[in-house]
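Please read the following note with the structure open beside the text. Each numbered point may be checked against the model in turn.

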4 protein chains.
Amino acid sequence: MGSTSRRSDPDRRARIIATTLDVIAARGVHGATYRTISEAADVPLGSMTYHFPSRDDLVFAAFERFTEDLFSPLDTSTTGPDADEDPRERLVQMVVADGRDRQRDMVLLAELYVLAFREEHYAELMRQWMRRARAAITRQLPGVSAPVIDAVQEGLGLHRSLMPEDYTEDVVRRTLHALIPAPA
Amino acid sequence: MGSTSRRSDPDRRARIIATTLDVIAARGVHGATYRTISEAADVPLGSMTYHFPSRDDLVFAAFERFTEDLFSPLDTSTTGPDADEDPRERLVQMVVADGRDRQRDMVLLAELYVLAFREEHYAELMRQWMRRARAAITRQLPGVSAPVIDAVQEGLGLHRSLMPEDYTEDVVRRTLHALIPAPA
Amino acid sequence: MGSTSRRSDPDRRARIIATTLDVIAARGVHGATYRTISEAADVPLGSMTYHFPSRDDLVFAAFERFTEDLFSPLDTSTTGPDADEDPRERLVQMVVADGRDRQRDMVLLAELYVLAFREEHYAELMRQWMRRARAAITRQLPGVSAPVIDAVQEGLGLHRSLMPEDYTEDVVRRTLHALIPAPA
Amino acid sequence: MGSTSRRSDPDRRARIIATTLDVIAARGVHGATYRTISEAADVPLGSMTYHFPSRDDLVFAAFERFTEDLFSPLDTSTTGPDADEDPRERLVQMVVADGRDRQRDMVLLAELYVLAFREEHYAELMRQWMRRARAAITRQLPGVSAPVIDAVQEGLGLHRSLMPEDYTEDVVRRTLHALIPAPA
DNA sequence: GATGAATGAGCTTTCATTCAT
DNA sequence: CATGAATGAAAGCTCATTCAT
């Protein structure tokens, strides 16, 4: 089992981080041990601790990556509102998006909350992420309270992940429309 | 060291559960081991496994208790709306309430989400809790979408625990008022 | 391999301590790991940490035992000087004693010095031991400087363990006689 | 971080050895790893193993240096006895000398004993050192038993490092005077 | 019923050493 | 020459769980 040659493995570091996120999503931060990750990434155990001397270095790097990945599509979309479309619709679709990715994001989000409540550097990571998310919201929807929209969207997403049938696209749309005035 | 007499400890079971919740709040589900709890509750290690044969029995019992405790004030309050007061105000105060208890509840909530995403019986526990919370909301605010209100309130509470200054009482009030029509 | 039944192993604790001293003598404090000791004592690894939660607990217990064992023969000998014999002779024999035991004692002594220079509780253990040794010396040889005799005897013993031929019985006797006036 | 330029580091080898001795004094042979030393000496890890292929090469070189350093002042002092001074006094001062250096020497001595008891090449190193020390003693104090004086001085030094108040200058002087006849 | 003792499994981390560049 | 990257081995320690008493 394993790749033919492990020597000179460029971006091994990046692969370890990506794998870590997968393992956390699948088995929780608690289940993401050096061993489980090293097996999943097909990397020797000694290599893990070489690149990430402590487990927290690794977990933190993984969540840094998570917040970047999660944010970038939202950020790079358009620089300004799209004239042709109701910009509120993009938020609706974000909450309602289905599939593995969405569920995975919610799982990782909950894990990150747990860490943030316990250790300040994770709390700070979340705050940075929130600030960036708010900036993106403001760019799309000037004039609304971005903190509120962000929080509401997250609350809906979290609940929806447990009881999807109660948070249909329609419900989500009505909620967001009640909070955001229609564009001129 | 310890209590003078451990014999005849009537509600030891209940005390273990309460202590477990404390330990989870303080150190996470991960840090709530038989040992840490037995020390915190001043109960012999062997007694722990006697009352709760597996660790999950204990953790689950603790979260059952948590959802009951958290819900009861809201539930037992008044059976119907209070004529003298805007019923929306009670929700505002719930989100905005400060102090240890609120923070503790958010921490435990996040821990419970993590478990719910991983194991079905925790997911089911959360759903039951949500259903009860919605019933209480409906009782106070007939005609509103209780699922939405519950989700929004939770989203606000979670964000507020990380960035309190951005979710003032006023912000919360305005958000809820936008979603709930004023009582007649 | 091993004993037929490990359950109910009375004085397992004592056996672990004795084995630890053996392993330290054979392979140094550094080589006395939970694993090497558990194998030498035919005790499961988990049992080691049950009885001695930290490695230092174990090493310290071993050296406590060492200082007691080393001291007791000297202590319990006679309550007062023996009229028939020159009491200085006993000291000479202690230094000159041959065989595994003596070498082992010197090895353990050196290991203990290393610990004492680094951690106060070992330093204090050595001081207690020295005090008891001095008391025994004073009992046998009233009027002499017990601290000096103790130090000299140790210096001779240490050097003798490396270059035995240069510290014959005669050399040792002459040295001690020069420091201790002949009994009346 | 570190020195501005590591290039062209002439006596890097010597600096590594000196640093190794410092690290051993501070943290023991056990704590003197390639890593701790490379950091303390601000030398790349790869450079350590280049100059000293095995850890023992390094430790042994350090103790060779130690025995030379410790000996040289005694050796190079005067070629013969100083007419003006009681030569015994120099020994007294050596034992009684205070300060970091003395303590450090005792620590390193104990560490060296531990190695000497375990591996022959360290034992031989100590014997060579002892022979040189004896020659120096004989040069200063012709006619005395240098092995005895050396051993006694060491015993006093070792005990003094643990219980300084019991080995005052006076006690040490009296002891040595009892063993060494006054010069003519 | 209650509990101290016991233990196998597994975790994080450190380390000496090797080697491609 | 010099060195960063790599890695197998082993260390200290924690823990859920079992079980004899």
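1. Conventions. The model is predicted, so local features are reported only at pLDDT of at least 70 and side-chain atom pairs only at pLDDT 80 or more, whereas totals for chains, interfaces and linings use all residues. Residues are numbered from 1 along each chain as its sequence is written, chains are lettered from A and ligands numbered from 1 in the order in which they are written, and side-chain values use heavy atoms, with hydrogens and water left out.

2. Symmetry of chains A and B. Chain B is superposed on chain A by a rotation of 180 degrees with 0.0 Å of shift along the axis, at an RMSD of 0.1 Å. Such superpositions are made by least squares on the C-alpha atoms of residues with pLDDT of at least 70 in both copies. Within chain B, the residue whose C-alpha comes closest to the rotation axis is Gly155(B), at 1.9 Å.

3. Extent of the contact between chains A and B. Here 41 residues of chain B and 41 residues of chain A take part, contact being defined as heavy atoms within 4.5 Å. Of the interface residues of chain B, 100% are also interface residues in chain A, so the copies meet through the same surface. The size of an interface is often given as the accessible area lost when the parts come together. For chain B and chain A the buried area is about 3300 Å², with 70% of it given by carbon and sulfur atoms; the term denotes the accessible area (1.4 Å probe) that two parts lose on being put together, summed over both.

4. Arg134(A) forms a salt bridge with Asp166(B), where the closest N and O atoms are 2.7 Å apart.

5. Helices and residue classes on the side of chain B. Which helices of chain B each supply at least two residues of the side that touches chain A? They are α1 (12-31), α6 (99-118), α7 (120-140), α8 (146-162) and α9 (169-179). Helices are DSSP runs (H or I, at least four residues), numbered from the N terminus. The most, 12 residues, comes from α8(B). By class, this side of chain B has 25 nonpolar, seven polar and nine charged residues. In this scheme Ala, Val, Leu, Ile, Met, Phe, Trp, Tyr, Cys and Pro are nonpolar, Asp, Glu, Lys and Arg are charged, and the others, Gly among them, are polar.

6. Chains C and D. Arg134(D) and Asp166(C) meet in a salt bridge through their side chains (2.7 Å, N to O).

7. Domains of chain A. Chain A is divided into domain 1 (8-53) and domain 2 (54-179), with bounds from an automatic or database domain assignment. The domain centres, taken over C-alpha atoms, are 26 Å apart. Domain 1 contributes 19 residues to the contact and domain 2 contributes 15 residues. Together the two domains of chain A bury about 1500 Å² between them, 70% of it on carbon and sulfur atoms. In domain 1, Ile17(A), Leu21(A) and Val29(A) lose the most area to domain 2, together 38% of what that side buries.

8. Polar features between the domains. The count between domain 1 and domain 2 of chain A is one salt bridge. Asp22(A) and Arg104(A) form a salt bridge, with their closest N and O atoms 2.5 Å apart. Seven residue pairs are in polar contact across the domain interface of chain A, both residues at pLDDT 80 or more.

Technical notes:
Salt bridge = Lys/Arg side-chain N within 4 Å of Asp/Glu carboxyl O. Polar contact = N/O pair within 3.5 Å; in protein donor to acceptor, adjacent residues only side chain to side chain.
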